[in-house]
Amino acid sequence: AADLPAALAGRRPEDPVLLLAHRPDTFLAASELSVDLTLSGHTHGGQVLLRGWTPFRHSRHGWWRGAYGRNGCRLLVGRGVGVATLPVRIGAPAEIPLVCLRVPGSEVSRGS
C-alpha cells in the first residue's frame, strides 16, 4: 500500500502536487491530503459496459473513466488500451489520454 503522507512530507503548501496512481481508488486518500491532480488507470473504462453497468469492479467508488472532483482536487481516469480477464472491450473504447499540465500564473513556452 502507498504511504501518501510519507510521500508528501516536506512539500511546500504552494507547490502543485501531481500523483500517478495505478488504482483510481487512491484518489480518496489523495483528496484528503490536498493532492491537486491524480492520474490513474487500472479500470479499462469498465471494459464491458452495458447501459452504464459493468460486471468488473475495478473501482469501489465507480471511478471507471473520465474526470472527477472531490475536496477541490481532481482525478482523471484513462481507459488505456489493454484488457483484463476477458480479451474484449464493449462500450469502453481504448484511449491514450493526452494531458497538458499548467500551473496557474506560469508561462507556457512552446518550442519552435
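Strands are DSSP runs of E, at least two residues in length, numbered from the N terminus. The model shown in these views is predicted.

View 1. The strands are arranged in the order 1-2-4-3, and their pairing is mixed. Strand 1 (18–21) and strand 3 (66–70) are the edge strands, each of which pairs on one side only. On average, neighbouring strands of the sheet are turned by 20 degrees against each other, direction ignored. Strands of a sheet pair through backbone hydrogen bonds, either parallel or antiparallel.

**View 2. The pairing of strand 1 with strand 2.** Strand 2 covers residues 37–40 and runs parallel to strand 1. The two are joined by 4 bridges. In this view, Leu-19 stands opposite Thr-38 of strand 2.

**View 3. His-42 in the loop between strand 2 and strand 3**. The phi of His-42 is near 75 degrees, a positive value in a residue other than glycine. Most residues other than glycine have a negative phi. His-42 has a relative accessible area of 17%, and because buried means under 20%, His-42 counts as buried.

**View 4. Asn-71 in the loop between strand 3 and strand 4**. Strand 4, at the end of this loop, spans residues 73–77. Asn-71 is a residue other than glycine with a positive phi, near 55 degrees. The relative accessible area of Asn-71 is 52%; exposed means over 50%, so Asn-71 is classed as exposed.

Notes: Residues are numbered from 1 along each chain as its sequence is written. This is a predicted model: local features need pLDDT of at least 70, side-chain atom pairs count only at pLDDT 80 or more; totals for chains, interfaces and linings use all residues. Side-chain values use heavy atoms; hydrogens and water are left out. Two strands pair if DSSP finds at least two bridges between them. Axes are lines fitted to C-alpha atoms, for helices over the stretch in contact, and angles run from 0 to 180 degrees between N-to-C directions. Buried means under 20% relative accessible area, exposed over 50%, partly exposed in between (1.4 Å probe, protein chains only).
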